[in-house]
Amino acid sequence: MNTNEELTREGNENDESTASPYKDDKMIGVAQIFLEDEGILWINTSKWENRDNPNSTVTEESQGYAAIITENTVIKHEDGTKIPVKAIKEGQKVLINPPRENDFKDQADEIVLLEMTYKEKYEQFLGGEGLHISVIYEDPNNLPHEMQEPMFNKAHDIAAKMDKSVSASWIEYNKNYVVDYKEEFEINHFPIILVFDEEKLLFKTYEVEELYGFLKDLKE
């Protein structure tokens, strides 16, 4: 099962995020991975690339920028505190100076780590108009079958009886992610099941039967 594999039904057929308008002179993206041997920091700049088309959608086919990091590149927080490039975590929102012109690979003079909103930190868990179920696991080979697609199918059937929509995703735990979900959600062990609405965490459990019980107890 692939990381961030997702299933949606009942109004969530297209899980796309509407691109927000960005300014030409402020190239903002999300840090992905630093390739030390090549001195390149890969950054997802999909939303910035779509800044001139506010009605466009950003899908999983992200647009990337290869920021070449040299000894002269300044990497810092918004308050000016400098950090090494290796301290940038995956998922961190960053400002890249200068913004790219024609190439998708260029030297970065400055990388600024930006403050992130709650939605930006937890958007992969938040539901749209319905509920979103996330299974976080460490080892895909040890993910029980009952926590995979059969879980989603049954959860969908339960929610459908109450005219509610549900989506689901399976996320591999990444200790180098900008938010340590193990700490944030006080996770004792993996895998764990989390249920969110469009704003917050509603329920967490390690047992699929408890998930079904929670869904059955939901009121309109």
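Which residue in β6 is the bridge partner of Trp 42? Select Trp 42 and look across to β6: the partner is Ala 66. Bear in mind throughout that this is a predicted model.

**Stop 1: the strands around β4**

Now select β3, residues 27-35, together with β4, residues 40-44. This pairing is antiparallel too, again over five bridges. Next, follow the chain from β3 into β4. The two strands form a hairpin, with four residues between them. Stop at Gly 39 in the turn, where phi is positive, about 65°.

While side chains are on, keep one rule in mind: in a regular strand they alternate between the two faces of the sheet.

**Stop 2: salt bridges**

The whole structure holds six salt bridges. Three of them are visited here, starting with Arg 51 and Asp 24. Their closest N and O atoms are 2.7 Å apart. Arg 51 sits in the loop between α1 (46-49) and β5 (57-58), and Asp 24 in the loop between β2 (17-18) and β3, so the pair ties together parts that are 27 residues apart in sequence. Arg 51 is buried, at 17% relative accessibility. Asp 24 is partly exposed, at 48%.

Select Glu 120 and Lys 93 next. They form a salt bridge, with 2.8 Å between the closest N and O atoms. Glu 120 belongs to helix α2 (residues 118-122) and Lys 93 to strand β8 (residues 93-97), so this pair links distant parts of the chain, 27 residues apart. Lys 93 is buried, with a relative accessible area of 17%. Glu 120 counts as partly exposed, at 24%.

Move on to Lys 200 and Asp 197. Their side chains meet in a salt bridge at 3.3 Å, N to O. Which of the two is buried? Asp 197 is, at 12% relative accessibility, whereas Lys 200 is partly exposed at 41%.

**Stop 3: a charged patch**

Select Glu 101, Asp 103, Asp 106 and Asp 109: together they form a negative patch. Zoom in on Asp 109, in the loop between β9 (105-107) and β10 (110-113). Asp 109 is partly exposed, with a relative accessible area of 45%.

Methods: Residues are numbered from 1 along each chain as its sequence is written. This is a predicted model: local features need pLDDT of at least 70, side-chain atom pairs count only at pLDDT 80 or more; totals for chains, interfaces and linings use all residues. Side-chain values use heavy atoms; hydrogens and water are left out. Patches are made of residues with over 30% relative accessible area and no salt bridge: like charges are joined within 9 Å, nonpolar side chains (Val, Leu, Ile, Met, Phe, Trp, Tyr) within 5 Å. Accessible areas come from the Shrake-Rupley method with a 1.4 Å probe; for residues, only the protein chains shown count as cover. A salt bridge is a side-chain nitrogen of Lys or Arg within 4 Å of a carboxyl oxygen of Asp or Glu. Lys and Arg count as positive and Asp and Glu as negative; His and the chain ends are not counted. The place of a charge is taken as NZ of Lys, CZ of Arg, CG of Asp or CD of Glu. Buried means under 20% relative accessible area, exposed over 50%, partly exposed in between (1.4 Å probe, protein chains only). Two strands pair if DSSP finds at least two bridges between them.
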